[in-house]
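Reader: I'd like to go through this one with you and see what sits behind the labels. Can you show it to me before we start?

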Amino acid sequence: MRKPRELHNFYKSQQWMIARTVKIQNVNGKCERCGSIGDEVHHKIPLTVENVKDALISLNQDNLEFLCRECHNKEHNRFQKKYNPFDKDGNFIG
């Protein structure tokens, strides 16, 4: 799914690039959850079309968290294994 234009433009802005760089430097490039090498700056309060122009949400260092890809995916419940009610032989186990 594509990001709305307002969010896309924000993530290309110089203000975001500066805020992102400051966050990464402040945490020495390490994931703030697991300590591995970080990869993505995450907004704790999710960025939306309605709040993207509110610097207290979009650019505030306290609302940003530097995460590795794995921790960021966990935060957004991406690629999580779904519960499988069957064993490896296909028998229902509940």
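Author: Let's start with burial: buried means under 20% relative accessible area, exposed means over 50%, and partly exposed is in between, using a 1.4 Å probe and protein chains only. Keep in mind that this is a predicted model, where local features need pLDDT of at least 70, side-chain atom pairs count only at pLDDT 80 or more, and totals for chains, interfaces and linings use all residues. Residues are numbered from 1 along each chain as its sequence is written, and side-chain values use heavy atoms, with hydrogens and water left out.

Reader: Okay, so what makes C71 count as buried?

Author: Its relative accessibility is 10%, and buried means under 20%, so C71 counts as buried. C31 is buried too, with a relative accessible area of 4%.

Reader: How do you know how many disulfides there are?

Author: A disulfide is a pair of cysteine sulfur atoms within 2.5 Å. The closest cysteine sulfur to that of C31 is in C71, 3.7 Å away, so that's too far for a bond. C71 is in no disulfide either: the nearest cysteine sulfur, in C68, is 3.6 Å away. By this rule the count is zero.

Reader: Why is E40 called buried?

Author: E40, in strand β1, has 19% relative accessibility, and that is under the 20% cut-off, so E40 counts as buried. Strands here are DSSP runs of E with at least two residues, helices are runs of H or I with at least four, and both are numbered from the N terminus.

Reader: And what joins the side chains of E40 and H72?

Author: A polar contact of 2.6 Å. The term covers a pair of N or O atoms within 3.5 Å; within protein, one must be able to donate a hydrogen and the other to accept it, and residues adjacent in sequence count only if both atoms are side-chain atoms. Leaving out residues up to four places away in sequence, E40 touches E65, F66, L67, R69 and H72, where contact means heavy atoms within 4.5 Å.

Reader: Where does N63 lie, and why is it called buried?

Author: N63 lies in the loop between α3 (55-58) and β2 (64-67). At 4% relative accessibility, against a limit of under 20%, N63 counts as buried.

Reader: Which residues does N63 touch?

Author: Not counting residues up to four places away in sequence, N63 touches H42, H43, K44, I45, L56 and I57.
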